[in-house]
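Work through the following exercises with the sequence and the model at hand. Each task is followed by a worked solution.

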Amino acid sequence: MRVMSFNLHHGVGADGRLDLERSAALVEACAADVVAVQEVDRHLGPRSDFVDQPAWLAERLGMDVAYGVNVERPPATPGAPPRQYGTALFSRTPLVWWRNVALPLPVGGEPRGLLEALVDVGDLIVRALGTHLQHDSARGRAAQADVIAAVAAASREPVVLLGDLNAAPHALELESLDATLVDAWESAGDGPGRTFPSTRPRTRIDYVMTSPDLPALAAAVVAGDASDHLPVVADLALPGA
């Protein structure tokens, strides 16, 4: 099972140009079965041409989609759809259930969520978690990570967490996640695995983390100019496979 985490940056690349097809081509080239995407616009505004990005990408990639709305604003004009911003999960196999849970919000912070889905991968259901943690508050990230760790620990299904955690590996605010899940890069990656910024990566803040029964066989950071982040991809061994 191949999984991918990608901060889309609403389709704007390192060159400052909006090109959602470029983003889609990068995801397509990675051939992942489950993809978690952050910074996804839906009718949000001029920066993304008011496009329903999760629907557009789902159709373009031929994948199931779940969209987690974390920020919602009034329509730009009367009768238009609400303007939304959040995260998305895409899957080549059916998403049989999903929900978006609001995460703890630090004072003055941006609303963040945990997008949770059950993915039917044949003889097995996998719980996929997608998230994007607070960028400017370590205390806020810690509270958000604690909620995610509790969800992962309570799962009866194998768990994969995909997301932009906005923290370096083993940061104190990720302690609860490190105690619950396995960092796929540390078990199967090679090198520093830096993902941000995409033009000259200095830090690893984009992650694939799994429950111990879903071990990583390989992990890679994928070069590209489709965003200000580089995607991270991992191949996971399904239980019993």
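A residue is called buried under 20% relative accessible area, exposed over 50%, and partly exposed in between (1.4 Å probe, protein chains only). The model is predicted, so local features need pLDDT of at least 70 and side-chain atom pairs count only at pLDDT 80 or more, while totals for chains, interfaces and linings use all residues. Residues are numbered from 1 along each chain as its sequence is written, and side-chain values use heavy atoms, with hydrogens and water left out.

**Exercise 1.** Describe the packing of α1 against α2.

Solution. Axes are lines fitted to C-alpha atoms, for helices over the stretch in contact, and angles run from 0 to 180 degrees between N-to-C directions. The axes of α1 (residues 20-30) and α2 (residues 53-61) approach within 10 Å and cross at roughly 50°. Therefore α1 is oblique to α2, given that angles under 35 degrees count as roughly parallel, over 145 as roughly antiparallel, 65 to 115 as roughly perpendicular and the rest as oblique.

For the residues, α1 contributes Leu20, Glu21, Ala24, Ala25, Val27 and Glu28, which meet Gln53, Trp56, Leu57, Arg60 and Leu61 of α2. By class, the contact of α1 with α2 holds seven nonpolar residues, one polar and three charged. Here Ala, Val, Leu, Ile, Met, Phe, Trp, Tyr, Cys and Pro count as nonpolar, Asp, Glu, Lys and Arg as charged, and the others, Gly among them, as polar.

**Exercise 2.** How many salt bridges does the whole structure have, and which parts of the chain does the pair of arginine 127 and glutamate 157 link?

Solution. The criterion is a side-chain nitrogen of Lys or Arg within 4 Å of a carboxyl oxygen of Asp or Glu. The whole structure has 16 salt bridges. One of them joins the side chains of arginine 127 and glutamate 157 at 2.6 Å, N to O. Arginine 127 is in strand β7 (residues 125-132) and glutamate 157 in the loop between α3 (138-154) and β8 (159-164), 30 residues apart, so the pair links distant parts of the chain. Arginine 127 is buried at 12%, and glutamate 157 is buried at 16%. Separately, salt bridges that share partners join Asp15, Arg17, Asp19, Arg22 and Asp225 into one network.

**Exercise 3.** Which backbone features stand out at aspartate 49, asparagine 166 and proline 197?

Solution. Most residues other than glycine have a negative phi, and most peptide bonds are trans. Aspartate 49, in the loop between β2 (34-42) and α2, has a positive phi of about 55°. Asparagine 166, in the loop between β8 and α4 (175-180), also has a positive phi, near 55°. Aspartate 49 is exposed at 53%, whereas asparagine 166 is buried at 18%. Finally, the peptide bond from phenylalanine 196 to proline 197 is cis, with omega near -10°. Proline 197 is located in the loop between α5 (184-188) and β10 (206-210).

Terms used:
Helix = DSSP H or I, 4+ residues; strand = E, 2+ residues; numbered from the N terminus. Contact = heavy atoms within 4.5 Å.
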